[in-house]
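Q: Could you walk me through how a few features of a structure are read, beginning with a hairpin?

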Amino acid sequence: MATRNVTRYQRPWIIAFITPAMILTVIFTLVPAFTLLSYSLYGWESFKRGDFVGFTNFERLSNFPFRGDFGGAFRNNVIVFVTLFLVQTSVGMILALAIYRLRRGKKLFQAIVFLPVILSLVIVAFMWKLFLDPLFGPISSLALQFNLPWLNQPWLGQPGLALFTLIFIGLWRWVGFPAIVFLAGMNSINEEYIEAARIDGASEMQIFRKIIFPLLAPSFTIVAILTFIGAFEWFELPYVIGGVTGQPGGSTTTMALLFYRLAFGTVDSATVDVGLSSAIGVILFIFVGIGAALGSYYLRKREIQQ
Amino acid sequence: MKTRNRLRHLVASLTVSAVALSGSVLMAPMSKAANVELTMYSWRVEDKAFYESVIKDFSAANPGIKITFQSFPSADYQTILMSAMAAGKGPDIVHVRAYGALDQLVVPGYLSPLAANEVKGLNKYPVDALNSQRGFSDKRLFGVPFAYQSLGIFYNLEYMRKAGIQLPPNTYPEFIEQLKKIKAAGLQGLANGGSTHIEQMWGTIAPMFYGGTEFYNDVVAGKKTFTDPAFIKSLEAVQELFPYMPSNATAVSYDASRALFFSGKAAFFMGGIFELGYFRNQNPKLKFDFMATPPMSKGGKQFVSTWADGGFGINAKTKARPEALKFLNYLASKSFGAPFVQTVAQITAVPGVPIRDRQLQKAVSSINKWGTPYIMLVGFRYKNPTGSALLQTGIPNMLNGTKTAKQVADEVNKGVGTWFGPFAGKI
């Protein structure tokens, strides 16, 4: 009864506080999403809308010549997600644990680990592009100076290498984020659990496996979902380093990059194809939306309350 | 008394009204002229100072018209321009690209068509230049051509002398021999990388292998396709140059390639004559020259990939079309053409402008003698996938060894064949 009264009292306030956010969501998310969907159902010439064509643009994506580009871009996004997720999560966890165990200098190391995250991704991309330049970059100079042929590679010029080089750059820049999220999770664990385990003779590894890791589930959910969304919307890094054509040879093309290339065209490689790019946008929106929702639902079910 | 006062009042009122009326009549055109403010968009960031000086000269002669020049990075220009036009907030005067990129603005009706008599001297422009400013389907004129470009070879004779080479090559086989000699001397032959702009390097040598304008005409007419052995040979020729490119060439960016050449660390750079001013500005001490791609044998046929680079158009939604047109007339006159050549070191499209720069003269002469359409830009950048996009991804894959020249040619053919009418039933 009391709850009902409180709810009745709170309702206008809840509505008042939620309404602005809802209006912004409608304007900036729902309207563009439905506009995108409507665009994908029409034929276009440049920015001029033509006839209603139903799902023809989606069909075009599954046929030559766009099947290869779209399939390749999707595969690249999957590789980016899987690699980022595995490496970023494990390295982030190790860094967090190392900082968690520190007795002195925690703040300093937190700042150092988090520093690349606050740098603009575009600046990071340019910086690494210069580092890895085979003619003027310090890495190739170093490799030549100390005769290290394994280091003197076309890191951004070999199809098999380029995507993983980009993933490495992405990791370098972003690994501080999961580390800080995990560290926050570790700091929120009740010390008594760990002390009790230690008194019972549990090893450090056992404490990590049986207490810390399970209680990090909420942090893990956040990192996993954000990595999933970020990996499937990967744009800035491949755009700055590989250009709109995803050099070398299209091997760094992602779905967002393909969307951009076809949505706006480029001066020397692509023309505007609003219908096709909107179809990519719709697929990306649905895939990321459903994937994030399912992932979130599944991961939250596994979370343990302290 | 009362009547006299009334009369005096009436006369005074009429006088004031007459003065006000005459004043407003006289002032109207002046104030209107003084209020005309135009904007111009361009991708020529590096020429901003030049265009601002041109505008200053124009405004001095046309005091009522003020123009604000805004430039954007070349790679992002088309996106920025298209978005602005779509939002109805584009500039009054538009520096437009040519061919396919122009067509993207023509189709949605963003540009105002130009009648031949609206711009003085337009009838003296060559037909090819004017055609570059027409749409793919809409054949009206949408811009005043501004420059010609051609591809060729920049060379640094001082650097070549270190390998015992005294003169630039006379034939293409001699060019390859010189590259071998430079490499054997432990020096860098080609500055070009195999990443972005690889299509440009291909375009520098390709017409020599596929047969220039005759092949272009045959392909455009659908008599030949890109699986023609001559076209495949043109791709293989790029592969043949790969050993003379910098180490890890597929990762060398266009900027790094240019830097390698203008810093005097390579013998040759294959690229557009539009780099002339850039190289001079970056390293005024560098002694270099420009040549057309040499023929396969002495006195043999030569071809130089050529295109009209873009133009100046008018936004269809501008509220000041007469004033914009006035500026376009200025840009089509020698008042613009002469300083354009002098300051920017490029080949103006304005007819009758004398070119005194020796290297530009060489480029103009090679265009006149051996010019052939830069095939993918002039003919195959109208729909997706463009011929250029297919080459820009195909050639690096060929250099990396993941595809053969024939596979790249097949992909270009199949890709372009999805939208290029004359290829119907031939792929």
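A: In the hairpin of S1(A) and S2(A), with 2 residues between the strands, A:Ser46 has a positive phi near 50°. Strands here are DSSP runs (E, at least two residues), numbered from the N terminus, and two of them pair if DSSP finds at least two bridges between them. This is a predicted model, in which local features need pLDDT of at least 70, side-chain atom pairs count only at pLDDT 80 or more, and totals for chains, interfaces and linings use all residues. Residues are numbered from 1 along each chain as its sequence is written, chains are lettered from A and ligands numbered from 1 in the order in which they are written, and side-chain values use heavy atoms, with hydrogens and water left out.

Q: In which sense do strands S1 and S2 of chain A pair, and over how many bridges?
A: Strand S1 (residues 42-45) and strand S2 (residues 48-52) of chain A are antiparallel and share 3 bridges, with A:Trp44 standing opposite A:Arg49 in S2(A).

Q: How is a pair of aromatic rings described?
A: The distance of the centres and the angle of the planes describe such a pair. Rings of Phe, Tyr and Trp (its six-membered ring) pair if their centres lie within 6.5 Å, and planes under 30 degrees apart count as stacked, over 60 as edge-to-face and the rest as tilted. Over all chains, the whole structure holds 70 aromatic pairs. The ring centres of A:Phe213 and A:Phe220 are 6.4 Å apart and their planes stand at 70°, so this pair is edge-to-face.

Conventions. Helix = DSSP H or I, 4+ residues; strand = E, 2+ residues; numbered from the N terminus.
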